[in-house]
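User: I would like to go through this model with you. Could we begin with how far it can be trusted?
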Amino acid sequence: MAKNERKTENIVRDLLRENGFYEETSDLQVEEQKSNIEAVKRLLKAASKSGGGGMGSPEFIVSAPSTPDFVMIVECKALVADHASSTISAIFGGSEIDEDASIYAKRVQKFAVDGVLHYAHALSREFNVIAIAVSGETKKGAKFSTYLWPKSGPKPKELTARDGAQIDKIIPWDDYLSSAIFDPQVQKLRFDELMAFSTELHDFMRDHAKLTESEKPLLVSGTLIALRNKAFSASFGLHTPSQLQKEWMRVIQEEIQKADIPQAKKDNMTQPYSSIAVHPELGKAAKGYPKGVMFELIDRLNKKVWPFISVYHDFDVVGKFYGEFLKYTGGDKKALGIVLTPRHITELFALLANVNKGSKVLDICAGTGAFLISAMHQMFRTAVTDDDREKIRKHGLIGIEQQPNMFALAASNMILRGDGKANLYQGSCFDEAITKEVKAHGCDVGMVNPPYSQADSDLHELRFVKHMLDCLRPGGTGIAIVPMSCALSANQLRAEILKEHTLEAVVSMPDELFYPVGVITCIMIFTAHKSHASEGRKTWFGYWKADGFEKTKHKGRVDLSDAWPRIRDRWVESFRNREVHLGESVTQKVVAEDEWCAEAYLETDYTSIRKEDFERVVRNYAIYRLAGRKNLLTSEADGEEDE
């Protein structure tokens, strides 16, 4: 039997070689029967298939330093009849299996699938495990089964290609990863881990680096740009602390110079990073960190975040990491009235605007570029050729950002994705020269989340909305998310907007959308350069208070039940078709002096009120009145005593 099994192992070895697993240029490590990876050795230490508690090991163990949370294992059997037990079919069919230890030990020793899943279970405590069972003595007759056991997951699942096809052969490592990393359970786990890392990183910067709130995100974005440089990525651990600080800045400048953007913009983008390059705490060794705090930060970002860009190409997760990290550095931005738009809302904007490969999208308050990036994703979905995608990158995304640090973040975000860099402008969106250049692009979609609560009336939120609309082509679509006060309070700017543009829709958003920032918002949708009065149409009002997200401890608002895609699609369809639903949406003719919100015009849907709802409201009102009466009596008694 041992001799026959060697034939199966030779088949696997040849197939791994054919698929590039032994390439010298690759960082893949193929080990047989044992591993030099400490975590793997520790987890397999008591994983003997005999059940005796000794060391166990599959025939092949594949890993790569660039993807440290993944490991692939292969278990071989000579006979196809020993490929999988009937118990495996029952387990994947949802049946609960109750078997004693001796029967389990015999099963995992005899069958390839049972054995590889036994090892996968042990390794899944710290890894996402790609588990492959192979049986047969010839290439032509060999049988393959491929599974994924997500890290800390309760059970394995069959691993399929991204199009749903069965993986019934050895394929290249990148193809395995491509299938595994988009598994919903793996994605959620990696997302949760990255969010936890953002908290850890912020605390480390606070305690050891002594960076200001505005410098922290710059160090993150600058490091991710520097890690694009292969020489720096391979050698940053060889420098002294002071040398590393200088080298970090030099490499950022080098990478920015490579970018396809005008020289003036390169200079604007580079300048904000200079404060990091001379920061006193980063250029010296520290207690517990002999290579310096700068090395520690770069090393952590290289291990935890860089793989999402270089290997997984999962920019959505990196974007969420940026957003989560920026939430912790919110002090400076809040003083500036900057409120970061939740990611699912930037996605919603792109769908409401119905952007496509031919769209030109403008954001006059670009921030970190979230609206432009969401629009780009949607535009790419309609792109067919490489020329389509290149046109989107070069001409489809236009942004303005005044704050130098935020401009640097937006530009770095674009550089990391390889998209849209050339059309970012640094300066005031009201600057005449910038406005002239922006108008020349002929944008047909505008998106904006303007600074909130500015004391200067010249910087009222609606001033930004009007300017965004003025910059669009006639007939273009402009979308803004603004405080609800803009829809309720009389303001001359509303009349100015309606004189030149049409208010198509206003939707009331969830009260805690921007939690923990306490601002209630609405989304306004306009058609540019068509007078509201001359169009003479009703405006559509939506009541979109439930987006499926719930407040959670330490994580903010989270879509725990994956309800957002269904809710999003319903909202978008309702808006596009101007559907009217009792208690949810309504159409109404409005002018500048009217209230621009659904609550003012919706009819109550009494059919949805349950008896217990009515009783609860009456009970709460009674308690409120009673408490109010008690407070009144107490107040009167206090007044008598004072007299």
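User: What is the average pLDDT of the protein?
Analyst: The protein averages a pLDDT of 85, and 89% of the residues score at least 70; pLDDT is the predictor's confidence in each residue, from 0 to 100. This is a predicted model, in which local features need pLDDT of at least 70 and side-chain atom pairs count only at pLDDT 80 or more, while totals for chains, interfaces and linings use all residues. Residues are numbered from 1 along each chain as its sequence is written, and side-chain values use heavy atoms, with hydrogens and water left out.

User: Where does pLDDT stay under 50?
Analyst: One such stretch is residues 330-337, with 13 contacts beyond four places in sequence; contact means heavy atoms within 4.5 Å. Another is residues 631-643, for which the model has zero contacts beyond four places in sequence. Where pLDDT is low, the predicted coordinates should not be read in detail.

User: Turning to H17 and H18, at what angle do they pack?
Analyst: Helix H17 (residues 343-352) and helix H18 (residues 370-382) pack at about 50°, and their axes are 8 Å apart. H17 and H18 are therefore oblique to each other, a class for angles that are not under 35 degrees (roughly parallel), over 145 (roughly antiparallel) or 65 to 115 (roughly perpendicular).

User: Which residues make that contact?
Analyst: H17 contributes Arg343, Ile345, Thr346, Glu347, Phe349, Ala350 and Leu351, and H18 contributes Ala370, Phe371, Ser374, Ala375 and Gln378.

User: Is H17 buried or exposed?
Analyst: Eight of the ten residues of H17 are buried, so H17 is largely enclosed by the rest of the structure. Buried means under 20% relative accessible area, exposed over 50%, and partly exposed in between (1.4 Å probe, protein chains only). The buried residues of H17 include His344, Leu348 and Leu352.

User: And what covers them?
Analyst: The cover includes H18, strand S10 (445-448), strand S11 (477-483), strand S13 (521-527), strand S16 (556-558) and helix H26 (564-576). Just after H17, asparagine 354 has a positive phi of about 55°.

User: Where is lysine 210, and what is its phi?
Analyst: Lysine 210 sits in the loop between helix H7 (184-209) and helix H8 (215-226). Its phi is positive, about 55°, although lysine 210 is not a glycine. Lysine 210 is partly exposed, with a relative accessible area of 48%.

User: Last topic: what does aspartate 470 touch?
Analyst: Aspartate 470 touches Lys439, Glu500, His501 and His529, not counting residues up to four places away in sequence. Aspartate 470 lies in helix H22 (residues 461-470) and counts as buried at 19% relative accessibility.

Technical notes:
Axes fitted to C-alpha atoms, helices over the stretch in contact; angles between N-to-C directions. Helix = DSSP H or I, 4+ residues; strand = E, 2+ residues; numbered from the N terminus.
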